[in-house]
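Me: I should like to learn how to read a structure of this kind, feature by feature. Please give the general idea first and then the case at hand.

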Amino acid sequence: MEKRVVFRPSPLPYLLVLPQLAITAVFFLWPASQALYQSLLIQDPFGFKTEFVWFENFAYLFSDPLYLASFWTTAYFSAAVTALSLGLALLLAVMADRVVKGATGYKTLLIWPYAVAPAVAGVLWLFLFNPSIGLIAYYLKVAGYNWNHVLNGGQAMSLVVIAAAWKQVSYNFLFFLAGLQAIPRSLVEAAAIDGAGPLRRFWTIIFPLLSPTTFFLIVVNIVYAFFETFGIIHTITEGGPGKSTEILVYKVYADGFEGQDLGGSAAQSVVLMVIVISLTVIQFRFIERKVHY
Amino acid sequence: MRLNRTLVTLAAAATLAGGLVQPASAATEIQFWHAFTGPLGEILAKQVEGFNGSQTDYQVVAVYKGNYSETLNAGVAAFRASQQPHIMMVFEVGTATMMAAKGAVNPVYEVMQSGGESFDPSVYLPTVTGYYTDPEGNMLSMPYNSSTPVLYYNKDAFAKAGLDPDAPPKTWSEFGTALDALKASGSSCPFTTAWQSWVHLETFSAWHDVSFATRENGFAGLDTELVFNGPLQVKHIQQLGEWAKDGKFVYAGRRNEGGARFRSGECAMFTESSAGYAGVKKEAAFEFGVSNLPYWDDVEGAPQNTIIGGASLWVLSGHPEEEYQGAARFFSYLSRPEVQAEWHQQTGYLPITLAAYDLTKKQGFYEENPGTETALIQMTAKAPTENSKGIRLGSFDQIRTVIDEELEAVWAGTKTAEDALNSAVERGNVLLRRFERAND
């Protein structure tokens, strides 16, 4: 019998992918194209008067000092969240890698915060740090530090960074742990025989070999800090005292749904989309080069 | 055995089906979206029950939709999806948004007239309804919960400072003297306030008959501009800033955070909504008094009248004509003297009709609860002028946030009063022009 090298095209793969395509189309492509269209309009909230204004919404955005300030806030916030959650996760993964007894227990305890919804995480940390009734706020006051994130912008930012990073540590921890376990023991042992101390071993052998994981996690964490932290900001500070914690994605909500400015809000979401796409492109192009596979 | 199971299944299905069948003469449902939770929500629910029980043609269904902003957004989104309620509660800063949406709103005076209900605008308190009327005097929405700022003071703290507990300061100069005495007697917080923009800029301007914005405070057109950086307002904010620097005025927060500080006895004087009375009465462990908002007595025309805050009920269009008669009947029911009097006495909000005011007087409520009439006297002493009917600005919620931010800079000492108010006017005008652009 003749061996076939060319497979007959079958509709089965397309059918299997169809549900996911449908979901992507309905939940991403359709709203995104609507946002693109709405960003070119100025509308009244009820939808009666619609004026096509080309890029005026964007011009208005970039001349608004509050919007430009929001860029800095978002940049600071995402850098802080990424650094904190990656650093903590790496530390925990290195420690958990060494544990022999009860490893599963430790890993479960370190992983469950990922299952907590952002809004719930926000409320949890809010309760701990509430200036009047929070436990941690109370101990801070006893230690002489007056904690009031309702009036102090810097403290509000610290609080949301901690809450957002806490949630993401589990996810990073899982990947780092897997990455660590993929490193061949022989390399580490060879370095030990050559006289390298644990810190030297870590920085010159383990960390570079973790770079694919680290690179992937940086991308994921930045996207997380840009988009998925809305629930945390909304429950803790609602944009913070005097806009100090109003990140870009929160401003989209505040201007669109509270301020009823649909055109401006759509323009902001388009800008956000462009930012995240270009960040991902940049990361894949440049950082990928430094990654050792 | 099989027959039994079949019978049981059939019986269960029949019961289910029977339960799903609607009663033959269903009352027309009127959807009412509101923002009241907690004790206020319970009182509202009782009011709705009273209306539903008083007649059988209509059934008002009250649905809690979140806070004021969330309720407004839910209503707007529902309207775009053609799922809007009949009646919606909108806070006073959303009035301009609702008024600009002429195709979405059925004005109350039209709803009452076409619903065949007797509607006499003169029975309503002019300072309450004035906020929600158009320049020709037609009522566009039904005021529901309205309050006005008053001065609460701690009589025990007054006595300790050597001040007469029954002679609260009437003018801001007397107020300053009282602050000095309170500070000297060791008070850590002689004065705080709630809703700083509403009390010390919006109501302040009306109380002294000066404009907050051009075009009759926005009533006459969308091309209004902010003018609350006038000399009198700058003088007042500057005075408050100086008191803040001396520790005589302690800023607690943008909303009602100061309430807890007054009720606990920490702060001696407190400018707040008259609706805070219930909370103060319940929690204060000291003798307290309620007095008129102070004024600058060197201003001609002061004191004029204070303006209201709170929410009103708007009727959204898009439903069949006959159903709006239910809304009209509901509004008539709410306007009954007994219903209004009970609402006023239980919540501390103002009654919207003169008859309810008289009824409450006759029932002796004001004698038994001293201080509850202050707000009404403040609001009815004079007929409202152009500057004191109310304020109607687009994006008003965001403008208030701008004002809050600028005032906070004054209390922190990083900006002068003049710079802060000028900056707030500039930023607010940008928002107004954008609103005008979207709604013109």
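Me: How many residues does the contact take from chain A and from chain B?

Reply: One begins with the two sides of the contact. This is a predicted model, and in it the contact takes 15 residues from chain A and 20 residues from chain B. On the side of chain A that touches chain B, the elements that give two or more residues are β1 (41-43) and α12 (248-258) of chain A. By residue class, that side divides into six nonpolar, five polar and four charged residues.

Me: How should confidence be read, and where in chain A is it lowest and highest?

Reply: Where pLDDT is low, the predicted coordinates should not be read in detail. Chain A has an average pLDDT of 88, and 96% of its residues score at least 70. Within chain A, the lowest confidence falls in helix α13 (residues 262-290), with a mean of 83, and the highest in helix α1 (residues 12-38), at 93.

Me: What helices and strands does chain A have, and what does its C-alpha trace span along the principal axes?

Reply: Chain A has 13 helices and two strands. Its C-alpha trace spans about 80 × 75 × 30 Å along the principal axes. Of its 293 residues, 29% count as buried. Among contacts in chain A with a separation of 6 or more, 69% are accounted for by residues 24 or more positions apart.

Me: Which residues have the most contacts inside the largest nonpolar core?

Reply: For a core, one asks about its size, its centre of contacts and its sources. The largest nonpolar core has 120 residues, and B:Val315 and B:Ala327 have the most contacts inside it. Helix α20 (residues 417-439) of chain B supplies the largest share of this core, nine residues. At least three residues are drawn from each of domain 1 (28-147 + 308-380) and domain 2 (149-306 + 394-439) of chain B. Leaving aside neighbours within four places in sequence, the contacts of B:Val315 include B:His86, B:Ile87, B:Val105, B:Tyr324 and B:Ala327. Apart from this core lies another, of 37 residues, among them A:Val81, A:Met157, A:Leu177 and A:Leu217.

Me: How does one read the two faces of a strand, and are those of β6(B) covered or uncovered?

Reply: In a regular strand the side chains alternate between the two faces of the sheet. In β6(B), both faces are covered: B:Pro149, B:Leu151 and B:Tyr153 are buried on one side, and B:Val150, B:Tyr152 and B:Asn154 on the other.

Me: Why does B:Tyr152 count as buried?

Reply: The cut-off is 20 or more other C-beta atoms within 10 Å. B:Tyr152 has 26 of them within that distance and is therefore buried. This residue lies in strand β6 (residues 149-154) of chain B. Leaving aside neighbours within four places in sequence, B:Tyr152 is in contact with B:Phe262, B:Phe270, B:Glu272, B:Val280, B:Phe288 and B:Val290.

Me: In which sense do β6(B) and β8(B) pair, and over how many bridges?

Reply: One reads the sense of the pairing, then the partners. β6(B) and β8(B) pair in the antiparallel sense over five bridges. In β8(B), B:Phe270 is the bridge partner of B:Tyr152, and B:Glu272 is that of B:Val150. Strand β8 (residues 267-273) of chain B is mostly covered, with seven of its seven residues buried. β6(B) also pairs in the antiparallel sense with strand β9 (residues 288-291) of chain B, over four bridges; there B:Asn154 stands opposite B:Phe288. Strand β7 (residues 189-193) of chain B runs parallel to β8(B), joined by four bridges, and B:Cys189 stands opposite B:Cys267.

Note on methods:
Residues numbered from 1 in each chain as written. Chains lettered and ligands numbered in written order. Core = buried A, V, L, I, M, F, W, Y, C linked by C-beta atoms within 7 Å. Buried ≥ 20, exposed ≤ 12 C-beta atoms within 10 Å, placed from the backbone. Domains from an automatic or database assignment. Contact = placed C-beta atoms within 7 Å. Nonpolar A, V, L, I, M, F, W, Y, C, P; charged D, E, K, R; others polar. pLDDT = per-residue confidence, 0-100. Pairing = 2+ DSSP bridges.
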